[in-house]
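Let's look at how charged side chains pair up in this protein, and how we decide what to call them.

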Amino acid sequence: QVQLVESGGGLVQAGDSLRLSCAASGRTFSAYAMAWFRQSPGKEREFVAAISGGGAITNYAGFVQGRFTISRDNAKDTVYLQMNSLKPEDTAVYYCATGRTRLPGAYDYWGQGTQVTVSS
């Protein structure tokens, strides 16, 4: 059974930084891409960033604009999202997801989410 558990969310001020973590279990972590999505109230869930199983390939949404960095530690079965220069519009529930293959693409398992709130 695949499980994803996010942590690291919280309330911060605009311009601050946060690092989200997502601990995975239930299958060979390094064999699958991982991704972060987010959802704000009243909006669709949107893609934030993804990383391949080995960590060599990363993809980012346009709104990240160099502020966020996705990384993974396959020895710890954990993926991270370092978020810098946070803006109020980054306020959302952030979810991690695990892919169906080693390369970023479709995702079939999701965590429960962690709330990030950025005040102005």
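A salt bridge is a side-chain nitrogen of Lys or Arg within 4 Å of a carboxyl oxygen of Asp or Glu. This is a predicted model, where local features need pLDDT of at least 70, side-chain atom pairs count only at pLDDT 80 or more, and totals for chains, interfaces and linings use all residues. Residues are numbered from 1 along each chain as its sequence is written, and side-chain values use heavy atoms, with hydrogens and water left out.

Q: Why is the contact of Asp-108 and Arg-27 called a salt bridge?
A: Their N to O distance is 3.5 Å, and the limit is 4 Å, so the pair qualifies.

Q: What makes this pair a tie between parts of the chain?
A: Asp-108 lies in strand β10 (residues 107-110) and Arg-27 in the loop between β3 (18-25) and β4 (34-39), so the parts they tie together are 81 residues apart in sequence. Strands here are DSSP runs (E, at least two residues), numbered from the N terminus.

Q: How do you know whether Arg-38 is buried or exposed?
A: Buried means under 20% relative accessible area, exposed over 50%, and partly exposed in between (1.4 Å probe, protein chains only). Arg-38 has 5% relative accessibility, so Arg-38 counts as buried.

Q: What makes Arg-38 and Asp-90 a salt bridge?
A: Their closest N and O atoms are 2.9 Å apart, so they are within the limit. Salt bridges that share partners join Arg-38, Glu-46, Arg-67 and Asp-90 into one network.

Key:
Helix = DSSP H or I, 4+ residues; strand = E, 2+ residues; numbered from the N terminus.
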